[in-house]
Amino acid sequence: MSLELLLIVAFGGALLSYLFGKICPQIRDPFAVISSVALAVMMAFLYGKTMESPFYFGFLGLPLILRTNMLAWFFAMAISILGALSVIFSWDYVKDRERTDFYYLMLLLANASMLGIVFAGDFVSFFVFWEIMSWSTFLLISYNRGRALGAGMKYIIMSIVGSVSMLIGMLSLYAIYGTLHIATLSKLVPSASSGYLLFLFILFGIAFAIKNALMPLHTWLPDAYAESPTSFNGVLSGMLTRMGMYGFLLIIYVIVGAARALNLGPGIFKFNYILAWLGAITIVVSTFIALLQNDAKQLLGWSAIGQGGYMILGIAFGTSLGLAGGIFHTLNHAVYIVLLFMSVGAVQYRTGGQRDLDSLGGLIKRMPVSFIGALLGISGLIGIPLTNGFVSKWLIYKTLILEGHPFLAFAALIGTWGCILYCYKFVHHIFLGQLPEKYKMVARAPFSMQLPMIILSLVILLFGILPGIPLKVINTIGTSFGFQSLNVTTWGIASETGTLNTINIFAAVVAACVIVWLIFKAGPKAVPVAQEDTYAAGAAIPKDRYHYTVDFYNPLYRMISPYFKDFIGGFCIKLAGWTQNVCHGIRQMYTGYIGHYVMYIVLFLALLIFVQLKWSLW
Amino acid sequence: MRAIISLFLISVLAWGIATALNEIPFGAAKTKVGEYYIGRGKEQTGASNIVTSVVVNYRGFDTLGEVTVLFVAAIGLGAVLATRRKKEKRDVEPASLVLYTGCRLLFPLILLFGAYIFIHGHLTPGGGFQGGAVVASAFVLVYLGCRGRRISETASKTVESLGGLVFIVVGLVGLAVGGGYFLSNYLPKGELNSLFSAGIIPIIYIAIGFKVGSELAGVIDHLVEESE
Amino acid sequence: MGISNAFDFLQNHVYYIGSFGLIFIGLFIMLVKHNLIKVIIGLSILETGVNLFLVSVGYISKGTAPIFSKSAMEAAPMVDPVPQALVLTAIVIGVAVLALALSLAIRLYHHYGVLDLRRIKELRW
Amino acid sequence: MVNPVLLIAVPLGLAFALPLFGLISKRIVKYIPVVAFIFNFALALRLIPDVLKQAIVVEIGGFPPPFGINLVAGPVGVLFSALIALAGLLVAVYALAYITEGPKEKYHMLYLLLLAGATGVVLTGDIFNLFVFFEILCISSYALVAYIGDRAGIESAIKYLIQGAVGSSFLLIGIGLLYGLFGTLNMADLAQQIESASSISVFVPMVLIITGLGVEAAIFPLNAWLPDAHSSAPSSISAILSGIAIEVGLYAVVRVLFTIFGATNMFMFFAFLGVLTLLIGEMCAFAQNNIKRMLAYSSIGQMGLIVFAMAIATSYALTGGLFQLVSHTLGKGLLFLTAGYMIYRSGSMEISAFEGMGKRMPLTSLAFTIGAFSLVGLPPFVGFPSKFLIVRAALAKEEILFTVLIGLVLLGTVIEGAYFFRVVQVLYFKKANGNSERKDAPVAGLIPMVVFVAFILVMGIYPQLVIEVLNSAASELLHRMEYIRSVLG
Amino acid sequence: MRIVEVILAPILALLIGMFFLGLARKIMARIHWRYGPPITQPVIDVIRLFSQKSVSHGNMFTLGVLFSLACSLVLILFLPMGKICPLSSSGGMLVILYVMLLAPFGIALSGGEAANPNASIGISRKLTLALGYEVPLLVILLAVMTHYKTLSIVNIVSMQQNTSWALTSLPLFLSGIAYILILPAILGIRPFEITQAAQEISSGPMVEYGGSFLALATIQHGLNLFIGIALFVNLFLGGAGNPPIFFLKMLVVFVLGLFINAALPRLRIEQAMRYLWRWPTLIAFIGMIIVLIIRR
């Protein structure tokens with residue numbers, strides 16, 4: 001199973017589905033599904049393999065290299081599985097849209113390029129795939145037209161800023177070391193001067209922070225998440241955004257190495273402290289902004305920004321525990337955010353694209369599978385014990401507390417508590433409460449949507465109850481970075497300062513539930529009643545809008561809304577306006593009058609002569 | 001205001017150029033290249049007019065370009081003014097008989113003079129361009145004196161093309177027979193100071209003369225037509 | 001520097017001064033005049049100045065035209081023939097540009113009805 | 001060995017003969033440029049292997065330099081000739097269907113002459129000869145800009161002409177001064193005699209020449225003609241002007257600076273100037289709503305980038321700069337060609353008029369998108385390796401100043417991305433208002449687009465294809481002495 | 001032995017919780033100069049409610065309540081009561097923190113499905129209030145954990161047993177004060193009972209509960225009282241060597257709290273939030289900074 005073959009399958013699948021779409025549209029969808037599932041299956045066979053092979057020599061004399069190791073495999077596996085699920089989900093979702101061939105092409109291309117990124121063994125191929133990912137995503141984000149154009153624009157401009165800064169960083173590596181081969185660089189770079197390392201971190205950091213939506217470089221994300229097709233949100237939010245995490249791991253732990261990276265800078269202004277604080281700010285601010293959102297996808301978008309902060313917090317301190325937490329959280333977040341977006345997507349699909357939280361409600365009765373998906377999704381997001389999010393968050397908190405950063409831990413924890421509020425809002429506004437009249441006849445989500453949701457729900461529980469499965473893989477990654485191995489058991493992590501043992505919790509919860517259920521059963525059976533049959537102090541119950549959603553946490557909103565606004569987003573918009581003005585100002589230079597133009601020519605000449613005569617500068 | 005700025009800028013330019021000119025004393029130039037041409041031009045090209053030998057032979061490629069520039073200008077002018085060509089003919093008042101006859105009388109004479117100039121380009125001051133300009137002046141005279149007369153566009157085009165082609169072909173033949181050099185003077189040089197001397201120079205100058213004459217005539221034709 | 005020195009200077013550099021005088025006059029016209037025809041005239045003056053300059057570069061004191069004739073087979077000194085050849089080319093190019101400029105001016109006048117460049121500013125920014 | 005003079009002589013001869021062909025049949029006229037450039041392209045390709053070994057010096061008329069004019073078909077010259085022939089060929093094919101009105105015969109003649117002039121500029125080894133060919137190039141472009149004959153065309157042509165003429169006059173004064181100083185016009189001979197460009201008597205002619213050439217090369221304060229001319233010309237001509245004419249101007253500047261004067265002291269200044277040109281060009285393009293003006297300003301920006309790359313003056317940088325030049329020719333040529341038909345279909349140059357073009361002209365829109373991506377420098381298109389090389393070269397200088405400058409350059413890239421992506425969005429993601437019938441460009445229009453796209457992709461994926469030529473071209477520019485030796489023996 | 005503990009602990013907690021509920025009513029009545037119900041009244045109520053009919057609004061309505069109660073029961077197992085701590089080694093404080101938050105969340109999910117605006121308003125207040133007191137609470141807990149450098153609550157208790165109570169030792173003194181200030185909010189008693197507000201929003205989240213639902217909710221409330229106080233005792237009063245002393249400490253804390261709070265009027269939710277995010281948070285932060293300084 002060579003890596004070239006994998007990438008050929010990935011990219012070839014993308015192009016072929018486009019062609020099939022043009023030639024015979026009936027087999028396009030099955031083909032896309034089969035190719036992406038096949039990719040996931042092939043990926044599974046790569047488990048535990050380590051290899052490296054140059055696949056192309058034609059680029060400016062730089063060999064392009066593919067390599068795989070545990071880190072790459074871990075990300076690749078997640079990408080391919082989530083990609084396959086997203087493709088399955090898309091089957092019905094985009095069926096009736098325009099330009100579906102284009103959609104599939106870009107979706108599969110984005111997936112394939114992500115695989116390319118994680119398998120890239122040198123920076124050129126890394127960058128190439130990175131850019132392919134950027135523009136294919138740009139085209140997909142803009143796919144919905146209308147407001148999506150602005151979102152796509154934001155995304156691509158920030159992406160270009162990121163890639164530009166990465167380009168500078170990577171080429172400065174090339175200029176100094178004469179190679180872009182990651183394995184070679186990881187031997188050479190650690191001996192560089194601190195200043196240079198900081199320079200590298202800043203440049204690469206900008207690129208990865210933009211992709212990972214770390215504040216203050218997050219502005220593209222909420223709009224991009226909200227406006228892109230919901231079926232693509234899975235890919236976008238699950239792994240694509242987290243390529244920034246992969247990048248951070250790559251630059252911090254693979255290239256520079258923990259030994260140098262963690263002691264860079266003076267005192268509390270160490271590089272990783274600053275990174276961690278940015279992560280913490282990201283968590284708190286975006287959590288509270290998420291609380292204020294009334295658009296399901298905007299809410300999830302802001303939530304995803306905040307979750308990105310957890311991952312950064314996890315990896316910032318370079319302990320094996322935190323690293324495991326950060327990487328595991330990346331995976332977990334991918335699983336539940338994809339699930340949540342799919343659930344929103346299913347609702348949108350059935351309600352005609354409705355994603356305004358204030359207009360929905362009561363869909364639990366019509367779309368139970370989507371509800372279960374959403375419930376498990378938010379459980380993971382909150383980190384309820386026995387769901388996957390709990391384990392990774394536990395690891396992160398524990399790192400922060402034990403490393404003596406209670407303020408960061410506070411930020412992380414308060415993020416979680418805020419998260420409960422918006423998660424409840426999300427579930428309550430869409431699925432609970434009163435079912436509006438117009439959605440009375442809404443059908444269940446089609447099977448192609450239910451299937452991925454069910455799978456992901458099971459994954460959430462699986463990783464929550466048996467976290468050892470992924471943690472063992474992650475532990476291998478950590479040891480490959482040179483950290484000491486964790487004591488991972490199938491049920492959790494054992495250590496002196498607080499052990500995690502999910503089986504105990506699991507047993508306790510099951511026992512408690514059984515007991516409570518028995519007690520409950522002891523009483524008389526509850527009578528199911530209709531929706532309208534509620535206590536209204538004798539007043540008539542209106543047919544519609546008897547569902548309290550608008551300004552749900554009103555007192556809280558009033559308290560926090562002056563302080564938690566997307567100031568940076570506003571600033572970016574202002575910046576764009578200023579740029580526009582400056583550009584308009586500059587072009588006034590071209591007045592249209594020939595006399596001026598000739599004057600410019602003479603001026604240029606006279607200036608050069610004058611300078612040389614006066615100062616003999618040249 | 002602009003005038004002041006302009007004056008200032010120009011004075012800076014003047015300052016710079018004056019400084020540069022210090023190194024080029026007037027009237028003292030005797031360059032290696034010029035010396036070479038004067039010294040060896042006679043034998044190498046067979047033309048007694050060294051300027052001509054420089055123009056057509058040593059720097060013949062420039063001249064090819066120069067011809068092309070004029071050609072470009074003529075076509076460009078035609079292209080620019082082309083869209084207004086299709087105008088209904090306006091009645092023009094005919095010139096007086098004296099003028100008319102005088103023009104018709106002078107026309108061949110001027111043509112002949114022009115031809116003389118370009119045919120003797122390698123011997124006397126003058127050459128293809130000068131001769132061509134004289135030829136064109138004959139057409140100006142016709143336009144002014146015999147209003148309504150036009151040269152045939154096809155004919156002038158053909159002459160232009162042929163003139164240019166002769167230049168190129170003469171040059172290309174050099175690749176084959178003249179030692180592999182473009183525009184090399186492969187024809188017999190003849191005796192200095194005689195009409196049939198200087199190899200390809202007279203041929204090229206004749207071609208240029210025809211070409212320039214017809215081009216300038218064409219330019220004038222276009223401009224006259226436009227201004228009517 | 002006495003009057004005679006100045007006169008000598010003038011005499012020695014009269015072509016340079018004249019040629020660059022023409023060049024700068026032409027340039028000045030192009031910089032300050034609004035009328036297209038005047039600008040083209042300025043261009044023409046500028047080109048004339050350049051041509052004059054080229055010729056004067058090749059001048060050799062008391063030199064004759066570089067043409068051999070039966071009477072003057074080896075008559076020394078001859079002026080440098082190269083600038084003369086260059087000037088020939090430059091003149092033709094000048095003529096070509098001028099002709100094109102005039103034709104464009106004619107067409108411009110058809111379109112705008114004026115030749116005032118301050119009013120011909122549709123293309124800008 | 002084939003004589004490189006044919007690269008100039010054949011198009012010239014065909015241009016002269018074109019009216020005669022026209023007499024035979026009006027219809028074959030438009031195929032003549034195609035034939036000419038097929039010949040030229042094949043010839044240039046044929047020359048490349050020879051030239052890589054050693055530069056071919058052709059003496060016109062058999063007179064040894066510096067006494068006769070000579071052509072120097074070094075790697076640079078042949079590279080440019082090949083590029084000119086390629087772009088010329090493709091645009092000529094495009095023009096088969098695109099040029100349907102006006103004096104077509106004259107169009108094709110002027111077109112041939114323009115490119116013959118451009119080829120002359122890049123091949124010649126004599127500075128006055130360079131001036132002459134430069135004038136051919138300029139004058140034919142003045143005429144072609146005015147080809148449509150509307151208000152905008154004429155106005156921009158006259159502006160272009162006046163600025164160009166002023167520039168040419170300066171150029172000529174500079175050449176005259178040089179001749180007065182050194183008594184020679186041969187570039188190699190001049191180079192041999194000039195030791196330093198710092199003395200004022202050499203400096204003044206140098207800046208006069210650079211200013212003169214710089215007008216055509218669209219260096220910052222000298223480029224006011226460009227947006228007007230490029231936006232008003234027929235799109236095929238815009239493609240050539242953007243893709244060839246200004247590049248050739250830049251070639252001339254570079255040749256003068258590097259080979260003749262060896263003005264290493266000026267490079268820092270030109271690096272700044274390049275960045276300034278880039279930023280101003282990109283910012284002006286950003287503020288445009290007119291597609292062709294936008295592309296024209298973008299050309300200014302690209303020129304700035306190339307100037308910057310050249311001014312770094314290491315072999316990496318020159319390779320990168322030349323590569324960027326190639327990629328700009330391909331990218332901008334493609335963009336203007338596609339924009340031509342989109343304007344034709346929508347009847348307007350406003351970007352907003354292109355809404356829904358992705359449906360109406362799918363292939364053309366796709367080509368436009370690829371061209372735009374390539375110019376922004378996204379892989380796997382040709383703009384990426386070229387930008388890659390430039391950035392690498394700037395960083396390999398290991399000077400803070402160049403790092404800052406490259407940062408500014410890449411800021412320009414960001415702006416460029418912003419406006420190109422805006423257009424791409426308009427093409428694909430806005431609903432067409434009104435007519436949305438699907439009708440692509442005609443075949444003769446599509447073929448060159450496809451070929452451009454193919455080149456963009458192939459060279460983007462396999463830059464090794466040209467890198468050898470570019471490397472030796474860079475070393476030709478960099479090693480002045482080699483050049484002198486190869487010409488003067 | 002472990003099994004016995006597991007079974008015993010919840011039952012004990014249940015009994016004590018119900019006792020506290022009754023005690024609260026009794027004491028409040030006494031303060032109001034009334035006689036008040038018997039202390040066993042809550043137990044009687046629960047038993048009575050179990051025999052009554054009830055209505056259900058759907059599966060989530062039912063499951064939410066069960067889930068909430070189950071979580072509270074599980075939580076008991078993580079809290080050491082004297083020497084009894086059945087699940088001491090399964091995640092420590094973080095698990096406790098999380099599970100503490102699930103009980104209201106379960107009620108919220110359940111009440112949410114009822115489609116009664118009163119319930120929704122109550123839930124919104126309840127969650128907001130939870131966020132309000134969690135801010136100082138988290139700071140307090142983090143200060144404790146940072147000070148003792150462990151996440152395990154058992155370790156914290158044993159460390160206090162070896163030295164002195166956290167409340168009386170310097171670094172954690174302020175944290176303890178802050179905990180006391182937010183304790184009523186955690187317990188959901190006056191002045192922080194706006195979430196229930198029987199007169200205004202008909203008991204808020206519980207508005208649709210009847211019969212066994214209400215019984216379960218009441219039990220849950222009792223357990224909640226137990227948990228909040230037990231946590232305080234464990235963290236700041238050094239836990240206890242054996243269960244009776246532990247319960248005694250809890251009783252003292254509870255009664256003192258009741259006396260103080262019974263005199264206060266009910267706060268609106270903004271007032272409550274403003275209060276919680278001002279003084280207790282400030283004090284907690286100062287406490288945390290002191291802990292950090294001492295740790296250095």
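Reply: Helix 16 of chain A and helix 18 of chain A run roughly antiparallel to each other. Angles over 145 degrees count as roughly antiparallel, under 35 as roughly parallel, 65 to 115 as roughly perpendicular, and the rest as oblique. The model is a predicted one, in which local features need pLDDT of at least 70 and side-chain atom pairs count only at pLDDT 80 or more, while totals for chains, interfaces and linings use all residues. Residues are numbered from 1 along each chain as its sequence is written, and chains are lettered from A and ligands numbered from 1 in the order in which they are written.

Helix 16 covers residues 368–382 of chain A and helix 18 covers residues 406–430; they pack at an angle of about 170°, their axes 9 Å apart. Axes are lines fitted to C-alpha atoms, for helices over the stretch in contact, and angles run from 0 to 180 degrees between N-to-C directions. Helices (H or I, at least four residues) and strands (E, at least two) are DSSP runs numbered from the N terminus. From helix 16 of chain A, Ala374(A), Leu375(A), Ile378(A), Leu381(A) and Ile382(A) make the contact; helix 18 of chain A brings Thr416(A), Cys419(A), Ile420(A), Cys423(A), Phe426(A), Val427(A) and Ile430(A). Two residues are in contact if their C-beta atoms, placed from the backbone, lie within 7 Å. By class, this contact has 11 nonpolar residues, one polar and no charged. Here Ala, Val, Leu, Ile, Met, Phe, Trp, Tyr, Cys and Pro count as nonpolar, Asp, Glu, Lys and Arg as charged, and the others, Gly among them, as polar.

A second pair in chain A is helix 2 (residues 28–45) with helix 4 (residues 100–119), at an angle of about 5° and with axes 11 Å apart. Those two helices of chain A are therefore roughly parallel. Arg28(A), Ala32(A) and Ser36(A) of helix 2 meet Asp101(A), Tyr104(A), Leu108(A) and Asn111(A) of helix 4. That contact divides into three nonpolar, two polar and two charged residues.

Chain A also has an open antiparallel sheet of three strands, in the order 3-4-5. Its edge strands, each pairing on one side only, are strand 3 (488–489) and strand 5 (500–501). Strand 4 (residues 492–493) pairs with strand 5 of chain A over two bridges; two strands pair if DSSP finds at least two bridges between them. Gly492(A) has Asn501(A) in strand 5 as its bridge partner.

Beyond chain A, seven pairs of chains are in contact, and chains A and E share the most contacts. Chain C does not touch chain E, with the nearest C-alpha atoms 56 Å apart; nor does chain D, whose closest C-alpha atoms lie 40 Å from those of chain E.

Chain D does meet chain B, with 49 residues of chain D in contact with 50 of chain B. Helix 5 of chain D gives the most to the chain D side, 10 residues. That side divides into 32 nonpolar, 14 polar and three charged residues. Chain D itself has 20 helices and two strands.
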